[in-house]
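Thank you all for coming.

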Amino acid sequence: MHPKNPFTVDYDFAMLIQHYAALKDFVFVNEYGNKTIKFGNKQAVKALNSAILKAYYGITWNIPENNLCPPIPGRLDYLLHIADLIPKTEIRLLDIGTGANLIYPILGTCHLNWQCTASEVNKDSLKNAQNIINNNSILKKTELRHQKFKSHILEHIIQPNDVFDVVVCNPPFFKNVSEAQQKNKRKMHNLKLQEKDTQNFGGLSNELWYKGGEEAFVKKMVVESAQFKKQVHWFTSLVSKKENLKNIKRTINKTLPTQVKVINMEQGNKKSRCIAWTFW
C-alpha cells in the first residue's frame, strides 16, 4: 500500500464497532485468534465500510442492496498514488462512474480536501449518491452529473468551461454477466468461503460489465480524452487485468500524449494498477 495509507495496519474492530454498532454482528475470531469478518459476505463488507467512513471521516453512508460495495483501503490507495502525480494541494477531481457509493468523492473530499465532481449513468445510483451528499454537510460542494448517453464516457460530462486536475475511473471489469459470475466463483473458492451469494461486493450491470470489458471501456475513454486535452491535466483509470495494458497503451500513444505512466499498487495479496496519461 501507499506509505500514506492509514489502512496498512489491521482494523481496530472494537473502535469501529463503537462508531457503527451494526458491525458487531459480523465480527468473529478466526482460527489464528484475530478478529475479522467474512469478506465474502457483502452485508459484512457494507457494515465494515459504514464503520470506517463514520469512524475516520464522520460520514453517514448507505447503499442499496444490489450496488457495488467498494473496498475502501484500495480505493484510497488509488487516490494517494494519483496525488503524487500532481504537485499542488487544491485539486479538482472528476470521478467517472461514481455509482451509488460515491467513494472517490468521499475520500477525495474528506481525506485529501479535493473539490470533486462525479458522473453516473444509472439514475437510481445517482439518486443514492445525492442522498449521501445531502446527509453529510462536508460533501455539500460535490457536484453530480448524469451521463445520459451510455455510449459516451467523457463526452456530455466535461463542459466547455470545466478544468480538472485529474480524472479517475474504476471501469467495468467484465465483458458480460457470465464472465463476472465465473470470476466471483473462483474468488470465493480461492478464499475458501461458503456464501449463497458469491458476488461479495455486489454490483449492478453497468458497474460490473461492459461490451468488450475494461479494455474496450478504457480505450473508449482514451479516444474521448483527446477532445479535452486542454481541460484535464491527468486522465487515469484502474486496470484490473495486466494483459490489457499493452493494447490500452497502444491506443493512448495514438493520441500523442506527452507522458504515459503505469502505477503498480498492492493491497495484501492483491496486485492492481492504474494507467495515467497527460497532454500537458
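What you see is a predicted model, in which local features need a pLDDT of at least 70 and side-chain atom pairs count only at pLDDT 80 or more, while totals for chains, interfaces and linings use all residues. Residues are numbered from 1 along each chain as its sequence is written, and side-chain values use heavy atoms, with hydrogens and water left out.

Let me begin with the overall count. The secondary structure of the chain comes to 9 helices and 9 strands, where helices (H or I, at least four residues) and strands (E, at least two) are DSSP runs numbered from the N terminus. The chain has 280 residues, and 51% of them count as buried, a word that stands for under 20% relative accessible area, with exposed meaning over 50% and partly exposed in between, using a 1.4 Å probe and protein chains only. If we take the contacts between residues at least 6 apart in sequence, 69% of them join residues at least 24 apart, and contact here means heavy atoms within 4.5 Å.

Now to the sheet. In what order do the strands of the open sheet stand? The order is E5-E4-E3-E6-E7-E9-E8, which makes 7 strands with mixed pairing, and two strands are said to pair if DSSP finds at least two bridges between them. Strand E5 (143–146) and strand E8 (259–267) are at the edges with a single partner strand each, so one side of each has no neighbour in the sheet. From one strand to the next, the twist averages 20 degrees; the angles in this talk run from 0 to 180 degrees between N-to-C directions, and axes are lines fitted to C-alpha atoms, for helices over the stretch in contact.

Helix H4 (residues 103–112) lies across E3, E4, strand E6 (164–169) and strand E7 (232–239), and runs at about 180 degrees to E4. Helix H9 (residues 245–254) also packs on the sheet, where it touches E7, E8 and strand E9 (270–278), and its direction makes about 10 degrees with that of E9.

Let us stay with H9 and look at its helix partner. The axes of helix H8 (residues 213–225) and H9 come within 9 Å and cross at roughly 10 degrees, and the two helices are therefore roughly parallel to each other, a label used for angles under 35 degrees, whereas over 145 is roughly antiparallel, 65 to 115 roughly perpendicular and the rest oblique. On the H8 side the contact is made by Glu215, Val218, Lys219, Val222 and Val223, and on the H9 side by Asn247, Ile248, Thr251 and Ile252. Leaving aside its neighbours within four places in sequence, Asn247 is in contact with Glu215 and Lys219. The C-alpha atoms of Asn247 and Glu215 are separated by 7.7 Å, although these residues are 32 apart along the chain. Asn247 is partly exposed, at a relative accessible area of 28%.

Next come the rings. How many aromatic pairs does a search of the whole structure find? The search finds 6, and rings of Phe, Tyr and Trp (its six-membered ring) pair if their centres lie within 6.5 Å, with planes under 30 degrees apart counted as stacked, over 60 as edge-to-face and the rest as tilted. For Phe7 and Tyr56 the ring centres are 4.9 Å apart and the planes are at 65 degrees, so this pair is edge-to-face. Phe7 lies in the segment before helix H1 (13–19) and Tyr56 in helix H2 (residues 42–57), so the pair ties together parts that are 49 residues apart in sequence. Phe7 counts as buried, at 6% relative accessibility, while Tyr56 is partly exposed at 37%.

Finally, two loop residues. Most residues other than glycine have a negative phi. Asn113, which is not a glycine, has a positive phi of about 60 degrees; this residue lies in the loop between H4 and E4 and counts as exposed, at 65% relative accessibility. His156 has a positive phi too, near 75 degrees, and lies in the loop between E5 and E6, where His156 is partly exposed with a relative accessible area of 43%.
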